[in-house]
Amino acid sequence: MQRYENWLRKINRNFEYVGSAQAEADVTYVFGFGGGNPEQEAINKLRENAKLKANQALINISVTKSTKHVWFVSTKTVIATADIIQFR
């Protein structure tokens, strides 16, 4: 356990937590046609929303998906979240 704690202290000296970012993308399908790639779109928007500066990176990226169906229309919503860290 002591080795693990020392390792964590060493790593934490290399970066600091700056904040978090979130993005959402929606795609609608009619009779199964339409849409695109909402996962990639959400991640691209996440990168834009984060407004990363030099020495910053996204970590702990999480993607949540949900789908709603009404008759022959489906809407897929993807939410991407991440933490922002800055290297020292």
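1. In which strand does Gln-56 lie? Gln-56 lies in strand β2, and in this predicted model Gln-56 counts as buried, with a relative accessibility of 15%, because the cut-off for a buried residue is a relative accessible area under 20%. The side chain of Gln-56 reaches the backbone nitrogen of Lys-53 at 2.9 Å. When neighbours within four places in sequence are left aside, Gln-56 is in contact with Val-18, Lys-51, Ile-84, Ile-85 and Gln-86.

2. For the overall layout, the chain has 2 helices and 3 strands, and from the N terminus on these elements run in the order α-β-α-β-β. Of the 88 residues of the chain, 22% count as buried, while the chain exposes about 6,700 Å², of which carbon and sulfur atoms supply 53%. Among the contacts with a separation of 6 or more, 64% are made by residues 24 or more positions apart.

3. Helix α2 covers residues 38-50, which is 13 residues, and it reaches 18 Å from its first C-alpha to its last, close to the 18 Å expected at 1.5 Å a residue. Which residues of α2 are buried? They are Pro-38, Glu-39, Ala-42, Leu-46 and Ala-50. These residues cover an arc of only 105° around the axis, which puts them on the same side of α2. What covers the buried residues of α2 includes the strands β1 (15-30), β2 (56-70) and β3 (73-87).

4. How many aromatic pairs does a search of the whole structure find? The search finds 2. In one of them, the rings of Phe-15 and Phe-87 have their centres 6.4 Å apart and their planes at 70°, so the pair is edge-to-face, the cut-off for that class being an angle over 60 degrees. This pair links distant parts of the chain, with Phe-15 in strand β1 and Phe-87 in strand β3, 72 residues apart. Phe-15 counts as partly exposed at 22% relative accessibility, and Phe-87 is likewise partly exposed, with a relative accessible area of 41%.

5. In the pair formed by Phe-31 and Phe-72, the ring centres are 4.8 Å apart and the planes are at 25°, so the pair is stacked. Here too the pair links distant parts of the chain: Phe-31 is in the loop between β1 and α2, whereas Phe-72 is in the loop between β2 and β3, 41 residues apart.

6. Phe-33 is exposed, with a relative accessible area of 65%. Phe-33 and Val-73 are 40 residues apart in sequence, and their C-alpha atoms are 9.3 Å apart in space.

Technical notes. Residues numbered from 1 in each chain as written. Predicted model: local features only at pLDDT ≥ 70, side-chain atom pairs only at ≥ 80, totals over all residues. Heavy atoms only, no water. Helix = DSSP H or I, 4+ residues; strand = E, 2+ residues; numbered from the N terminus. Expected span 1.5 Å × (residues − 1). Buried < 20%, exposed > 50% of the residue type's maximum accessible area, 1.4 Å probe, protein only. Arc of directions from axis to C-beta. Contact = heavy atoms within 4.5 Å. Phe/Tyr/Trp six-rings, centres within 6.5 Å; stacked < 30°, edge-to-face > 60°. Polar contact = N/O pair within 3.5 Å; in protein donor to acceptor, adjacent residues only side chain to side chain. Areas by Shrake-Rupley, 256 points an atom, 1.4 Å probe, with all protein chains shown as cover.
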